[in-house]
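Biologist: Could you walk me through this one? I would like to start with the overall layout and then pick at some details.

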Amino acid sequence: MLGDFINEYSKHLSVSEHVQVEIVPQGLRVLVNDDEQKPMFQRGGSMLTHYFEDLLLALAQSLPRSKTRS
C-alpha cells in the first residue's frame, strides 16, 4: 500500500520523525512536521531549509500522479 511505502521510505531517508502518513476516507494524508532542531523555513523568512526542500522533493517523487478526488 502507498502509505506503508511512504512510511518505509521515510525511515530509509532517516526522516520518519518529520513525516507521518495516515489513511483517511478521502485518500492519503501526509503530514510534514518540523521542530526546533530542524526548522522547515529559514529563521524569519519564507525560504525552505535545504533539509525540508530535499525531503519534499523525495516525497513528491514517491507519490503517484493522480487526479484529486472531491
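**Layout and details**

Modeller: Reading from the N terminus, the elements of the protein follow the order α-β-β-α, and please keep in mind throughout that this is a predicted model. The secondary structure amounts to two helices and two strands.

Biologist: How much of the protein is buried, and how many residues are there?

Modeller: The protein has 70 residues, and buried residues make up 21% of them. Its accessible surface comes to about 5,700 Å², with 52% of that belonging to carbon and sulfur atoms.

Biologist: And what share of the contacts join residues at least 24 apart?

Modeller: If you take the contacts between residues at least 6 apart in sequence, 38% of them join residues at least 24 apart.

Biologist: On to the strands, then. In which sense do E1 and E2 pair?

Modeller: Strand E1, residues 19-24, pairs with E2 in the antiparallel sense, and the pairing runs over six bridges.

Biologist: Which residues in E2 are the bridge partners of Val21 and Val24?

Modeller: Val24 has Gly27 as its bridge partner in E2, while for Val21 the bridge partner in that strand is Val30.

Biologist: What else does Val30 take part in, say a surface patch?

Modeller: Val30 belongs to a nonpolar surface patch of about 300 Å², which is made by Ile23, Leu28, Val30 and Leu63. Of these residues, Leu63 is located in the segment after helix H2, which spans 50-62.

Biologist: Changing topic: how many aromatic pairs does the structure hold?

Modeller: It holds one aromatic pair. The two rings are those of Tyr51 and Phe52, in an edge-to-face arrangement with 5.1 Å centre to centre and 80 degrees between the planes.

Biologist: Why quote both a distance and an angle?

Modeller: Both are quoted because a pair of aromatic rings is described by the distance of the centres and the angle of the planes.

Biologist: How many residues apart are Asn33 and Gln20, and what separates their C-alpha atoms?

Modeller: They are 13 residues apart along the chain, and their C-alpha atoms are separated by 8.2 Å.

Biologist: Last one: where does Thr49 lie, and is it buried or exposed?

Modeller: Thr49 lies in the loop between strand E2, residues 27-32, and H2. At 15% relative accessibility, Thr49 counts as buried, because the cut-off for buried is under 20% relative accessible area. Apart from neighbours within four places in sequence, Thr49 is in contact with Pro39, Met40, Phe41 and Gln42.

Technical notes
Residues are numbered from 1 along each chain as its sequence is written. This is a predicted model: local features need pLDDT of at least 70, side-chain atom pairs count only at pLDDT 80 or more; totals for chains, interfaces and linings use all residues. Side-chain values use heavy atoms; hydrogens and water are left out. Patches are made of residues with over 30% relative accessible area and no salt bridge: like charges are joined within 9 Å, nonpolar side chains (Val, Leu, Ile, Met, Phe, Trp, Tyr) within 5 Å. Accessible areas come from the Shrake-Rupley method with a 1.4 Å probe; for residues, only the protein chains shown count as cover. A salt bridge is a side-chain nitrogen of Lys or Arg within 4 Å of a carboxyl oxygen of Asp or Glu. Helices (H or I, at least four residues) and strands (E, at least two) are DSSP runs, numbered from the N terminus. Buried means under 20% relative accessible area, exposed over 50%, partly exposed in between (1.4 Å probe, protein chains only). Contact means heavy atoms within 4.5 Å. Two strands pair if DSSP finds at least two bridges between them. Rings of Phe, Tyr and Trp (its six-membered ring) pair if their centres lie within 6.5 Å; planes under 30 degrees apart count as stacked, over 60 as edge-to-face and the rest as tilted.
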